[in-house]
Amino acid sequence: MGEVSADAVTLDMLREARETVRSSPLGVIDTPMIAWSQTTLPLSISCNIHIKLENMQRTGSFKIRGVANQFARRPAGGRFVTMSAGNYGKSFAYALKHFGSKGKVVMPETAPENRSILIQEDNMTFLHSYNDLDLIAGHASLGMEVLEVMPEPDVVVVCCGGGGLLAGVAAAIKLSGCSETKIYGVEPEGACTMYKSLIEKKPVGMDSKSIASGLAPPFAGRLPYELCQRYVEGIVLVSDEEIEAAVSTLYRSGLVVEPSGSAAFAAIVNNKIPELEGKDVVCILTGGNIGKAELMNFQD
Ligand SMILES: Cc1ncc(COP(=O)(O)O)c(C=O)c1O
């Protein structure tokens, strides 16, 4: 993508994207946000937690939001290509099929960034799975929806891979006027590119490894990094064991959530988020694409 800066993300732009996503022919839904019942999900801290069920979203994750806005803002009949082995690829393929467009989903997200340049030369438009203004604006619709149910949350907890979702949600909430809301990102210990980027004050990469593959791209996105630096309170880290336990707890409570989608929950139950006592808290469960065999591995 070109050199788009965080200044390009305005409230008007996010409102427009929210309407685009809501009316998308891809059928993106307003996912339920439900009060966390202490009886089904016991928690040591006493606070008012709502969980946003993006695992119930069309294609099984929030990625369809960003994809809906990306496709709406590209010429109809174009040829598109992306790199993703995960949820982005699934939503991208769904959109291609729906619009009858030609395109390709190639290579895992661990492929070197410069491969995308080679692909672009093939006369196809490359769509990035996290470092893209339209995608981030589409993801921001999730933040807007949160505010429709809880107008001024104290704390919002969102997992972070390349940072597109976290950046979009944080921008939506802060630009909507919730200056007091604290937004935390959650990354796996073995794939903490945004955590390192905020320390080093520039987007950095690492040899990322985690069972939460959606949270383990090799680089933090540049635009997501700039937006996170501006709007996010901090990044907390969770171990793969904490993520596995979270998948298992959620499953026992009747919620099928994949490892990446469970990271925010893992951070809350392991007391990684500061000062939750008595607060209105939102926890985003970002995806539910997990097979039965993988799910059973996590059950003790
Ligand atoms: C379920 C799930 N949650 C979170 C993420 C992270 O999203 P982002 O790369 O926008 O930070 C992904 C990315 O694939 C994902 O699949």
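This is a predicted model: local features need pLDDT of at least 70, side-chain atom pairs count only at pLDDT 80 or more; totals for chains, interfaces and linings use all residues.
View 1. When neighbours within four places in sequence are left aside, the residues in contact with His139 are Phe62, Lys63, Arg65, Gly66, Gly164, Leu165 and Val169.

**View 2. The largest nonpolar core, with Leu227 among its most connected residues.** In soluble globular proteins, nonpolar side chains tend to be buried together. The largest core here holds 43 residues, and Leu14, Leu166 and Leu227 have the most contacts inside it. Among the elements that give two or more residues to this core are helix H1 (11-22), helix H5 (133-149) and strand E6 (155-159). Leu227, again leaving aside neighbours within four places in sequence, is in contact with Ala6, Val9, Ile136, Ala167, Ala171 and Val232. A second, separate core has 33 residues, including Cys159, Ile243, Ala266 and Ile268.

**View 3. Asp30, Arg22 and Glu148 in a network of salt bridges.** Side chains of opposite charge can pair when their charged atoms come close. Asp30 meets Arg18 in a salt bridge with an N to O distance of 3.5 Å; because Asp30 lies in the loop between H1 and strand E1 (33-35) while Arg18 lies in helix H1, the pair ties together parts that are 12 residues apart in sequence. Asp30 is partly exposed, with a relative accessible area of 40%, whereas Arg18, at 4%, counts as buried. Asp30 also forms a salt bridge with Arg22, with the closest N and O atoms 3.4 Å apart. The side chain of Arg22 meets that of Glu148 as well, at 3.2 Å from N to O, and this pair links helix H1 to helix H5 across 126 residues.

View 4. A disulfide is a covalent bond between the sulfur atoms of two cysteines.

**View 5. A nonpolar surface patch made by Tyr251, Val256 and Met296.** The patch covers about 230 Å². Met296 is found in helix H11 (residues 292-297) and is partly exposed, with a relative accessible area of 39%.

Key:
Residues are numbered from 1 along each chain as its sequence is written. Side-chain values use heavy atoms; hydrogens and water are left out. Patches are made of residues with over 30% relative accessible area and no salt bridge: like charges are joined within 9 Å, nonpolar side chains (Val, Leu, Ile, Met, Phe, Trp, Tyr) within 5 Å. Accessible areas come from the Shrake-Rupley method with a 1.4 Å probe; for residues, only the protein chains shown count as cover. A salt bridge is a side-chain nitrogen of Lys or Arg within 4 Å of a carboxyl oxygen of Asp or Glu. Helices (H or I, at least four residues) and strands (E, at least two) are DSSP runs, numbered from the N terminus. Buried means under 20% relative accessible area, exposed over 50%, partly exposed in between (1.4 Å probe, protein chains only). A nonpolar core is a set of buried Ala, Val, Leu, Ile, Met, Phe, Trp, Tyr and Cys residues joined through side-chain atoms within 4.5 Å. Contact means heavy atoms within 4.5 Å.
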